[in-house]
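Welcome! Please take a moment to look over the sequence and the 3D structure before reading the briefing.

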Amino acid sequence: MIAKVIVDVPTGQTNRLYDYKIPEEMEEFIQPGMRVNVPFGPRQIQGFVTDTTASTEVKRIKEITSLLDPSPVLSGELLQLGRWIAEETVCFLITAYQSMVPSAIRAKPKKRLFLAEDSEAVPVEIADAFAGKTILDWEAFPAEKKAMKLLNEEIQAGRVIVDYLLKNRTEKKMQTILSLAKEYQAAGSKHNLSGNAKKQQQIVEWMQNELGDKEIAQPELLEKTEAGRQAVRALVDKGLLIEKKTEFYRDPYKDKMFQKSTALPLMEEQQTAVDNILESLHKGRTDSYLLHGVTGSGKTEVYLQAIDEVISQGKEAIVLVPEISLTPQMVNRFKGRFGAEVAVLHSALSAGEKYDEWRKIHRKEVKVAVGARSAVFAPFDNLGLIVMDEEHEGSYKQEDHPRYHAKHVAIWRAEYHHCPVVFGSATPSLESYVRAEKGVYTLLELPQRVNRKAMPEVTIQDMREELRQGNRSVFSTLLLDKLKERIDKKEQSVLFLNRRGHSTFVMCRDCGFTPSCPHCEITLTYHHTNRRLKCHYCGHEEQMLHTCPSCQSSQIRFFGTGTQKVEEELTRLLPEARVIRMDMDTTSRKGSHEKLLDAFGRGEADILLGTQMIAKGLDFPKITLAGILAADTMLHLPDFRAAERTFQLLTQVSGRAGRDELKGEVVVQSYTPEHYSIQHAKTHNYKAFYQEEMLQRRRGGYPPFYYLAMVNAAHEDLAEVMKTADKITEYIRSSLSEKAVVLGPTVSPIARIKDRYRYQCMIKYKNEPELTKVLQSVAERYNSEIAKGKLQLSMDMYPYMFM
Ligand SMILES: Nc1ncnc2c1ncn2[C@@H]1O[C@H](COP(=O)(O)OP(=O)(O)OP(=O)(O)O)[C@@H](O)[C@H]1O
Ligand SMILES: [Zn+2]
Ligand SMILES: [Zn+2]
């Protein structure tokens, strides 16, 4: 038997399958999707088995050294999906596969086998291997054909459990659970403990009185009875206590109680949406839906009720939400409805926690996965629905290899499983809305807020006017007045500061000098906490400057408005206001995000001030005012989506206000109040914005009229990168049809990162079936130079960042 293996060496030369002989004892065990160690040149390296065959052309074949996974980590579906991603995004197959498994098992963890509770049922060969214990190192399991075959069956049946022993605290936890033996459970029942075993007697009596036939975890028992381990051990040995080991998960949410929620009676439009989705589910059709619902229209309730039916069909659902809206509030809504059926995949979890959540899915212990981008790879086998909330979000695109867009992966998986997929948003991306207009997606609309609540009233405040009247503060008089009003009425406000374009930088007031990174062509950012200047691209740090290195002036100051500065100004102008600030600084510690939001929810502050992270998902009834401090900081970025992002952001922030009984109001401060993205956000008019933006896109030849692809070349030697970029661009131009527009090469907006000069070539096209192959061959052509570490090439089939 031969295994086809893709080895863990992400280079062009090794981006193909290698044949290895399967050792005889593994023949009945090895399956595609398992990882193996194989000899590769002088080394041993990891790889994924993608297939097994009977024979090979290879003459001198090497043998697999060892098997890393006692059960496949990638299913047949995911193996196939990985091949598709590698092709579509022009990346190495191994890179695609590695991105689908949790990082915790990508390292080289020790594997152990556990006997599950009903271990009496396992065959003697297996029981012998465990030799009376319940835990066995995977390496210690006899590498013998029959035993391996049996083990395979036991793993499938769930009687043997595979576990990865992760380094530093991420180890799976086993807990000892204790209970009284049957005959001692009744209070006062006789036991023959000797009189000097006082502590033991105490334990037994306490358990009889407090627990009866119930179980207790050992640590809790020790705490309650103030007993030592020896006393408990002795009772187990004497047969008074029954001990069993259960594994438990590091559930990051385990300390929380989730208030159970039940399905709400739906509004008519919600019902129509649910009916449509469920019809596709029942008929097993891969329909794509665009759920366009204004903020507060009850999109989430639509997802919840559709998922409820998916679960009762015995199927599974994936819910994708952008990282920043994966708030505790959001998680609660799913856990509250589906309880233990939900796994949450969140980047803020530790590697061990992430692995636990992944494992719940892998083992079919849950039916719903809620998570950010990579949750689209949740290893379910029987999907009934995929939901992508806030589908317009750029974070669904991965900005590192593999540069995939979760939307395309979601559609691929929906097709594979013949199930519907729902894209939801209050501000759909132009790409999606066009597809809905063309009938590629079915449009479902929720044009009104739940219970016909009014949309908040939006006022736009011209900051140029404020300046003319001598107000140099970041707050307009109007916004300050309204904030005061809210404090008086004991209502709450959210203040939003756009971090992009607002980083604090240092500038000399006399000569205009701005310190920039010596390795990257980018301005250094001032960090208040440690009073240092830092490069956001390479991490370079230096002391804050006090005199200008260029003109020796001491008038060197930092500019821009960080949340911290705004907070200082706010407390100066409104000393009575209680403010909670949420930004990278105040939420870096685990759980702090949740704490701050809880405090705000309990009314411990009047104003929530924050960055992007407060724009989404918040649903607090007392918020009646949303303020946007500078609406147009994003408008001027070199990005064709700038207007769209501005419109989306204003709409999202506005959507936080007046979601409950109380009426909401929004103040938008802007230096370009006449811009159509701001004007249409004011009137909550998505369609009008869409039409105007479509005209701009048509004019500029941007998506959704053209597809884009971008090739970026970086090299330490400027002449070298220019030459290479020229050659690449020329080659692409000559390989595509006349209709494709190949732009460049030009210097990237950030001309140098980590001492490498950067050039880019942009491709605009409508229909170029050969494009990925062309880019693939470009990558292959430069394989050896890339391998030498000098040149870097990146291909991006759905560029979202143009810096
Ligand atoms: N049919 C219904 N009847 C009563 N209340 C509802 C109904 N549907 C949803 N709600 C409530 O309305 C509020 C807004 O709903 P939800 O958060 O689902 O809207 P959304 O469209 O997802 O909002 P956003 O996009 O602004 O986050 C929630 O508090 C939700 O519990
Ligand atoms: Zn100067
Ligand atoms: Zn740098």
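Predicted model: local features only at pLDDT ≥ 70, side-chain atom pairs only at ≥ 80, totals over all residues.

The chain holds 24 helices and 33 strands. Its radius of gyration is 30 Å, close to the 28 Å that the globule rule gives for 803 residues, so the chain is as compact as a globular protein of that length.

**Confidence**
- Averaged over the chain, pLDDT comes to 87, and 94% of the residues score at least 70.
- A stretch to treat with care is residues 167–171, where pLDDT stays under 50. For these residues the model has 8 contacts beyond four places in sequence.
- The model's ipTM is 0.94, and its pTM is 0.81.

**Overall fold**
- Of the 803 residues in the chain, 41% are buried.
- Take the contacts between residues at least 6 apart in sequence: 73% of them join residues at least 24 apart.

**The annotated cysteines**
- An unreviewed UniProt entry carries the annotation "binding site" for Cys-517, Cys-520, Cys-535 and Cys-538. They are spread over 22 residues of sequence, yet they cluster in space, with a largest C-alpha distance of 8.7 Å.
- You can find Cys-520 in the loop that runs between strand E21 (505–508) and strand E22 (525–527).
- Is Cys-520 buried or exposed? Cys-520 is buried, because 22 other C-beta atoms lie within 10 Å and the cut-off for a buried residue is 20 or more.
- Cys-538 sits in another loop, between strand E23 (532–534) and strand E24 (541–543). Cys-538 counts as partly exposed because it has 15 C-beta neighbours inside 10 Å.
- Which residues does Cys-538 touch, leaving aside its neighbours within four places in sequence? Its contacts are Cys-517, His-519, Cys-520, Ile-753 and Lys-754.

**Around ligand 1**
- How many residues surround ligand 1? There are 18, and the closest are Thr-295, Gly-298, Lys-299, Thr-300 and Glu-301.
- Helix H10 (residues 299–312) gives the largest share of this shell, with 3 residues.
- Sorted by class, the shell around ligand 1 has 9 polar, 6 nonpolar and 3 charged residues.

Note on methods
Residues numbered from 1 in each chain as written. Chains lettered and ligands numbered in written order. Helix = DSSP H or I, 4+ residues; strand = E, 2+ residues; numbered from the N terminus. Rg over C-alpha atoms; globule rule 2.2 N^0.38 Å. Buried ≥ 20, exposed ≤ 12 C-beta atoms within 10 Å, placed from the backbone. Contact = placed C-beta atoms within 7 Å. pLDDT = per-residue confidence, 0-100. UniProt positions renumbered as here; feature names shortened; annotations may be inferred. Near = placed C-beta within 6 Å. Nonpolar A, V, L, I, M, F, W, Y, C, P; charged D, E, K, R; others polar.
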